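Biologist: I am new to this structure and would like to learn how to read it. Could we go through it feature by feature?

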Amino acid sequence: MIKLLASTAIVAMLASPVVAQTATQPAATTTATSDTSAMGYNYTSMTGDKSAETFIGKRLYVSETDVDANAEMTEVDQEWDDVGEISDLVIGEDGQVKAVLTDIGGFLGMGEKTVAVSMDDLVVIKDGDSPNDYFTVLKSDRASLENAPEFDWPEAQ
């Protein structure tokens with residue numbers, strides 16, 4: 001009987017309309033502004049912008065030859081070497097991406113290390129088959145990345 005009463009009370013609460021208090025708007029003053037650009041909310045996405053969410057998890061390729069950033073590829077170039085996966089971004093206090101962290105080497109996550117690659121050294125190439133996809137290439141070779149020092153975050157972050 002108690003379960004029936006408790007269930008009925010819960011159903012009644014969920015089925016009843018929610019009554020919310022309506023807040024009154026304060027009177028406008030001459031110092032108030034609706035200009036959100038003054039607050040820093042003025043960025044509009046531009047063609048070529050990348051989301052960190054889509055950048056992380058991308059494969060990183062190296063090429064010992066120059067890569068044309070304006071090229072449009074439909075598949076991985078045979079001369080590119082798949083060296084690892086982008087795992088994180090290092091963002092400085094100024095808000096700029098300082099480095100791209102890439103997990104390289106190893107097998108099935110064992111024995112891999114994280115290497116910091118400068119964002120300025122990466123070339124992002126459009127995928128001709130998918131307008132929202134791209135390839136990330138670094139002019140380097142596998143040996144250089146494997147011999148690069150492992151990235152470690154400082155103790156106090």
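**Reading the model**

Modeller: Start with one residue and its surroundings. Leaving out residues up to four places away in sequence, Thr136 touches Phe55, Lys58, Arg59, Leu60, Tyr61, Ile86, Leu122 and Val123. Thr136 belongs to strand β7, and its relative accessibility of 0% counts as buried. Keep in mind that this is a predicted model.

Biologist: Which helices and strands make up the chain, and in what pattern do they follow one another?

Modeller: The chain has three helices and seven strands. Along the sequence the pattern reads α-α-β-β-β-β-β-β-β-α.

Biologist: What share of the residues is buried, and what share of the contacts is between residues 24 or more positions apart?

Modeller: Of the 157 residues in the chain, 22% are buried. Among contacts with a separation of 6 or more, 53% join residues 24 or more positions apart.

Biologist: How should I read a nonpolar core?

Modeller: The general idea is that in soluble globular proteins nonpolar side chains tend to be buried together. Here the largest nonpolar core has 15 residues, and those with the most contacts inside it are Phe55, Leu60, Val100, Val117, Leu122, Leu138 and Leu145. The elements giving two or more residues to this core are β1 (59-63), β3 (81-91), β4 (97-104), β5 (113-118) and β7. Strand β3 provides the largest share, three residues. Another core, of six residues, lies apart from it and includes Tyr61, Ala71, Trp80 and Val137.

Biologist: Which residues does Leu138 touch?

Modeller: Not counting residues up to four places away in sequence, Leu138 touches Leu60, Tyr61, Val62, Ser63, Val117, Asp121, Leu122 and Leu145. Among these, Leu60, Val117, Leu122 and Leu145 are also listed with Leu138 as having the most contacts inside the largest core.

Biologist: How many aromatic pairs are there, and how do I read one?

Modeller: The whole structure holds five aromatic pairs. To read one, look at the distance between the ring centres and the angle between the planes; planes under 30 degrees apart count as stacked. Phe55 and Tyr134 form a stacked pair, with 6.3 Å from centre to centre and 25 degrees between the planes. Phe55 is in helix α2 (residues 52-55) and Tyr134 in strand β7 (residues 130-139), so this pair ties together parts 79 residues apart in sequence.

Biologist: Are the two residues of that pair buried or exposed?

Modeller: Phe55 is buried, at 3% relative accessibility. Tyr134 is buried too, with a relative accessible area of 7%. The charged end of Lys58 also sits over the ring of Tyr134, 4.7 Å from the ring centre. Elsewhere, ring pairs link Tyr61, Trp80 and Phe135 into a cluster.

Biologist: How do I read charged side chains?

Modeller: In general, side chains of opposite charge can pair when their charged atoms come close. A search of the whole structure finds seven salt bridges. In one of them, Arg59 pairs with Asp82, and the closest N and O atoms are 2.9 Å apart. Salt bridges with shared partners join Arg59, Asp82 and Glu85 into one network.

Biologist: Where are Asp66 and Lys139, and what distance separates them from N to O?

Modeller: Asp66 is in the loop between β1 and β2 (72-73), while Lys139 is in strand β7, 73 residues apart in the chain. Their side chains form a salt bridge of 2.8 Å, N to O. Asp66 is exposed, at 64% relative accessibility. Another salt bridge joins Lys98 and Asp94, with the closest N and O atoms 3.1 Å apart; Lys98 is partly exposed, at 44%.

Biologist: Which side chain of opposite charge is nearest to Asp127?

Modeller: That side chain is Lys58, 6.8 Å away. Asp127 has no salt bridge, although Asp127 is buried. A salt bridge needs the nitrogen within 4 Å of a carboxyl oxygen. Asp127 lies in strand β6 (residues 122-127). Setting aside neighbours within four places in sequence, Asp127 is in contact with Glu72, Met73, Thr74, Asp133, Tyr134 and Phe135.

Technical notes
Residues are numbered from 1 along each chain as its sequence is written. This is a predicted model: local features need pLDDT of at least 70, side-chain atom pairs count only at pLDDT 80 or more; totals for chains, interfaces and linings use all residues. Side-chain values use heavy atoms; hydrogens and water are left out. Rings of Phe, Tyr and Trp (its six-membered ring) pair if their centres lie within 6.5 Å; planes under 30 degrees apart count as stacked, over 60 as edge-to-face and the rest as tilted. Helices (H or I, at least four residues) and strands (E, at least two) are DSSP runs, numbered from the N terminus. Buried means under 20% relative accessible area, exposed over 50%, partly exposed in between (1.4 Å probe, protein chains only). A charge sits over a ring if NZ of Lys or CZ of Arg is within 6 Å of the ring centre and within 35 degrees of the ring normal. Lys and Arg count as positive and Asp and Glu as negative; His and the chain ends are not counted. Contact means heavy atoms within 4.5 Å. A nonpolar core is a set of buried Ala, Val, Leu, Ile, Met, Phe, Trp, Tyr and Cys residues joined through side-chain atoms within 4.5 Å.
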